[in-house]
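Please look at the sequence and the model below before reading on. The paragraphs after it are meant to be read with the structure open.

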Number of protein chains: 2
Amino acid sequence: MKIFYSPAHLEHEPPQEFEQGRMAPAVEVPERVERVRAEAERRKIGALLPPRDFGMEPVSRVHDAGLVTFLSEASSLWRKRYGEGAPPAIPSAWPGRGMKNRFQGDVESRLGTYAFDTATPIVRGTWSASLAAANCALSAAEAIKSGERAAFALARPPGHHASADVFGGYCYLNNIAIAAQWCVDHGLKPAVLDVDYHHGNGTQSIFYGRDDVLFVSIHGDPSFAYPHFLGFADEHGEGRGEGANLNLPLPMYSAWDAYSWALDKAAKKIRAFGPDVLLVSLGLDSFEADPISKFKLRAEDYLRMGEAIAGLKLPTVFNFEGGYNLDALAAITVNVLEGFESAA
Amino acid sequence: MKIFYSPAHLEHEPPQEFEQGRMAPAVEVPERVERVRAEAERRKIGALLPPRDFGMEPVSRVHDAGLVTFLSEASSLWRKRYGEGAPPAIPSAWPGRGMKNRFQGDVESRLGTYAFDTATPIVRGTWSASLAAANCALSAAEAIKSGERAAFALARPPGHHASADVFGGYCYLNNIAIAAQWCVDHGLKPAVLDVDYHHGNGTQSIFYGRDDVLFVSIHGDPSFAYPHFLGFADEHGEGRGEGANLNLPLPMYSAWDAYSWALDKAAKKIRAFGPDVLLVSLGLDSFEADPISKFKLRAEDYLRMGEAIAGLKLPTVFNFEGGYNLDALAAITVNVLEGFESAA
């Protein structure tokens, strides 16, 4: 399959994130994509291609103009305020209940207004990497539109936690939502399957009131797992979108038996929706040795996951999301793609 | 004047806070109160007294039961989750727009739901110190009710950033709001004057819809100053409270000329309200050498501030809030009290 890749991600390299009360080494690092790239080449998954530049139009179809502007200038504003040697921009105060969102304030106000966590630092290269990642997802969607059976957007930062106007969870722009909207705008009916360990709250919220994009997610129950504040089983969509959202939260330590049961339910939902194209938020942090997650999938399970996805018999975009075990990440990512190809 | 003090604050000693993208040494430290205590004794401001225990009733008159319960158990839940050696509890994700407040979730969910910043860590001693600080403010109000001209609640953590159901800004329970409500409940009409450099967003929001408590604040304009998301000049109160809220935000680098102008406007507003008692949120971070603030008051200006407050000729509770220059803090705090006493 075609693999879309841009080196722009290399410039997005925040050294640390803040969580559990302390600074911790970043886990969403450039090596993630570089290792997968090497493994995909080694196992001959497909040709590596640069993304096409789609401009800002497809981004603005999904994201609020204020968020886009802020992301484009946040690093510069932050360094202007705190100096060139300042650490990456991370919010430390936000508009809690009874306070006011400040979309037009200074950099601290806008950071707190547009972000929902402290794990998503903004550095100089964040904006160009985010645009490149969106362009990779769009290029993969375009390849499908042109008749490809499958395509892989191998990019970072990931996207599925970013909503129309809030970023977080290592995500700035929602790559898969931008690609899904592009599909809609080009006459294709998309279904999104999110297999990242963490609920794709951004993707869900972007399409929550709509019936033209299905969102299905299998993830760690937010009663214990990030992003904590969305992803429950009772979130079915609203208004026209009622029924076009399916969350399948699973208990801590879920292994392939539980996971494949959920995957089967997801597949049934997707088939019933009758999409033209499947967009997979391919997170690999369901792996048993992922450093920040609590599922128990083994390496060979990812071959089965790829086969199950192929079983939907839909043109398929794989969009790289989470997955943080650097030693296993490349192998399990390519396992999904290989499982898919073998069964497609 | 009577000075209410409890050693419980010594056990609330978070070593660090997170802001500007990095861990920084805490500035809201026990030494603040200890230095003021020594100076107040040296300059014979008044007798040091232990607070009376008012129980939970006056706290629950102001604060949401969910916040109170959470604060009382947060440290224990946090250590249960992350281990006894874990750093203090600080939120790292919160319910941004489109996400759900989770008042009943796990410790991470509740932390993000009940807090609005990363500068307000919870340690083992936080809860007992917070209750003791509230009791100091209540004891000072009770002294006024009993006929004292003035009383000083020399306690920490401070309180004015804590609203009914959100904590932050080094504040957990809103001591001065609890004391103001106690006054209302005991037949006294209170006005709150907040002279802390940072807007008392918590106090404002608690009384925003009410006409029985006046809130007046002089502070750094939130267009550049913490708490960023409240404290603008156009916040006048709402409903019955319309007109009972006055914010006097001042520009960066404001010195005594601008400050005394604002203090004069504040005094006019307070006189017009006709209160029985004045409650002063006594923050000392308007000082020119405060490490985290941007005003330019000099040490002798605090004598003038005390005299101006005495000029209102009201029974007065001073409640200790911010102020972080450890070398100057004791002298300038006692300057206010001495200026007040000399003019009273």
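Predicted model: local features only at pLDDT ≥ 70, side-chain atom pairs only at ≥ 80, totals over all residues.

In chain A, eight strands make up an open sheet with parallel pairing, in the order E4-E1-E5-E10-E9-E6-E7-E8. Strand E4 (48–49) and strand E8 (245–250) of chain A are the edge strands, each pairing on one side only. Within the sheet, strand E9 (residues 277–282) and strand E10 (residues 316–320) of chain A run parallel and are joined by five bridges, and A:Ser281 stands opposite A:Asn319 in E10(A). Helix H6 (residues 175–185) of chain A lies across strand E6 (190–194), E9 and E10 of chain A, and its direction makes an angle of about 175° with E9(A).

In soluble globular proteins, nonpolar side chains tend to be buried together. Here the largest nonpolar core has 63 residues, and A:Phe70, A:Leu71, A:Ile122 and A:Phe167 are those with the most contacts inside it. Among the elements of chain A that each supply at least two residues of this core are helix H3 (65–82), strand E5 (150–153), H6 and E9, while H5(A) gives the most, with ten residues. Leaving aside residues up to four places away in sequence, A:Ile122 touches several residues, including A:Phe70, A:Leu71, A:Pro88, A:Leu111 and A:Phe167.

Chain A and chain B each bring 49 residues to their contact, and together they bury about 4,100 Å², of which 62% is on carbon and sulfur atoms. On the side of chain A, A:Trp94, A:Arg97 and A:Phe229 lose the most area to chain B, together 24% of what that side buries. Four salt bridges are counted between chain A and chain B; A:Arg97 also forms a salt bridge with B:Asp165, at 2.9 Å from N to O.

Over all chains, the structure holds 48 salt bridges. One of them pairs A:Glu84 with A:Arg124, whose closest N and O atoms are 2.7 Å apart; A:Glu84 is in the loop between H3 and H4 of chain A and A:Arg124 in the loop between H4 and H5 of chain A, 40 residues apart. A:Glu84 is exposed because its relative accessible area, 53%, is over 50%, and A:Arg124 likewise counts as exposed, at 56%. In chain B, the side chains of B:Lys2 and B:Glu148 meet at 3.5 Å, N to O.

Notes: Residues numbered from 1 in each chain as written. Chains lettered and ligands numbered in written order. Heavy atoms only, no water. Pairing = 2+ DSSP bridges. Helix = DSSP H or I, 4+ residues; strand = E, 2+ residues; numbered from the N terminus. Contact = heavy atoms within 4.5 Å. Axes fitted to C-alpha atoms, helices over the stretch in contact; angles between N-to-C directions. Core = buried A, V, L, I, M, F, W, Y, C linked by side-chain atoms within 4.5 Å. Buried < 20%, exposed > 50% of the residue type's maximum accessible area, 1.4 Å probe, protein only. Buried area = accessible area lost by both parts, 1.4 Å probe.
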